[in-house]
Amino acid sequence: MGVLNVTPDSFSDGGQWFDPDQAVEHGRAMVAEGADVVDVGGESSRPGAEPVPEAEELRRVVPVVEALAPDVRVSVDTVKPAVAEAAVAAGATLVNDVSATLAPVAARLGVGYVVMHRQGTPATMQLAPRYDDVVGEVADFLAREAAAARRLGIDEVWIDPGIGFGKTIDHNLSLLRHLDRLVAVGEPVVVGTSRKSFLGTLLGRSDGREGPVPPDDRLEGSLATATWAMACGARMVRVHDVLPTVRAAKVVAA
Ligand code: HH2
């Protein structure tokens with residue numbers, strides 16, 4: 001799944017694909033590189049991100065979905081029912097929902113559904129994430145939500161641990177270490193680690209400066225964790241760097 005953020009403020013590529021023509025071009029490039037799905041989003045969910053008004057999110061997302069949908073499977077990354085609905089009308093066939101609230105919408109629209117775990121909201125989620133048993137709590141939550149989505153009649157349900165969404169570096173690593181527990185839930189697992197901040201911390205800086213390495217210098221961490229996730233049984237990885245990930249996936253598959 002290639003990430004296409006039609007936003008001015010996403011954490012790793014904010015502003016790069018904000019122009020609709022450039023967004024479509026980047027989407028097509030990811031398809032040429034081997035993406036099976038392009039995930040179009042018009043609202044950043046990074047910690048502290050400002051909410052985007054519905055009309056503005058529609059304006060960002062719909063034309064891009066419409067342009068790409070004839071050539072590739074498109075998912076829409078949104079937490080707003082009206083945006084999901086308009087994107088599906090424009091050709092999207094998967095609703096990627098970081099809020100775990102849109103199952104009734106996906107069911108009504110007759111499309112696939114990605115349910116993700118998060119603790120809190122973007123405004124506050126990284127302030128003090130707390131779990132007694134992060135793997136158990138996330139697995140139980142996703143099993144419950146997936147069962148509810150199926151009861152609503154959704155045939156295609158994906159579950160996602162929500163790496164970085166209300167999680168410390170140790171929470172993220174525990175979830176990755178025990179990904180088999182999520183795979184055992186029995187629904188296909190999708191994992192998004194690409195360029196995330198815990199990788200910046202783990203990679204450390206080689207230039208002697210303080211702090212994490214910047215998002216555009218996290219490729220090895222993104223590839224290592226995507227490869228790890230695939231080897232543990234994840235069926236999809238959500239990534240910014242499609243070509244190297246597809247090449248890694250070929251080797252994992254072999
Ligand atoms: N991560 C982000 C956004 N959407 N959806 C799923 N299912 N899983 C994820 O891990 C996930 C997601 C955050 O990454 P990105 O879209 O690059 O950044 P931003 O939210 O700043 O636009």
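Predicted model: local features only at pLDDT ≥ 70, side-chain atom pairs only at ≥ 80, totals over all residues.
Trainee: How should I read the numbering and the values?
Mentor: Residues are numbered from 1 along each chain as its sequence is written, and side-chain values use heavy atoms, without hydrogens or water. As for confidence, local features need pLDDT of at least 70 and side-chain atom pairs pLDDT 80 or more, while totals for chains, interfaces and linings use all residues.

Trainee: Which helix gives the most to the lining of the second largest pocket?
Mentor: Strand β8 (236–237) and helix α10 (242–253) each supply at least two lining residues; helices (H or I, at least four residues) and strands (E, at least two) are DSSP runs numbered from the N terminus. Nearest the centre of this pocket lie M1, D36, M236, V237 and A249, out of 18 lining residues. With five residues, the top contributor is α10.

Trainee: What is the volume of the largest pocket?
Mentor: For scale, the second largest pocket has about 300 Å³. The largest pocket is lined by 33 residues, and F11, R46, I163, F165 and K196 are closest to its centre. The space in the largest pocket is about 530 Å³.

Trainee: Which helix gives the most to the lining of the largest pocket?
Mentor: By class, that lining has nine nonpolar, 16 polar and eight charged residues. Helices α6 and α8 (197–203) each supply at least two of the lining residues. The one that gives the most, with three residues, is α8.

Trainee: Is N172 buried or exposed?
Mentor: N172 sits in helix α6, which covers residues 169–177. Leaving aside neighbours within four places in sequence, N172 is in contact (heavy atoms within 4.5 Å) with I163, G164, K167 and F198. Buried means under 20% relative accessible area, exposed over 50%, and partly exposed in between (1.4 Å probe, protein chains only). Its relative accessibility is 2%, so N172 counts as buried.

Methods. 1 Å grid on protein atoms, 1.4 Å probe; cavity = no way out; pocket = protein on both sides within 12 Å on 5 of 7 lines; lining within 4 Å. Points joined across faces, edges and corners; volume = space filled by probe spheres on them. Nonpolar A, V, L, I, M, F, W, Y, C, P; charged D, E, K, R; others polar.
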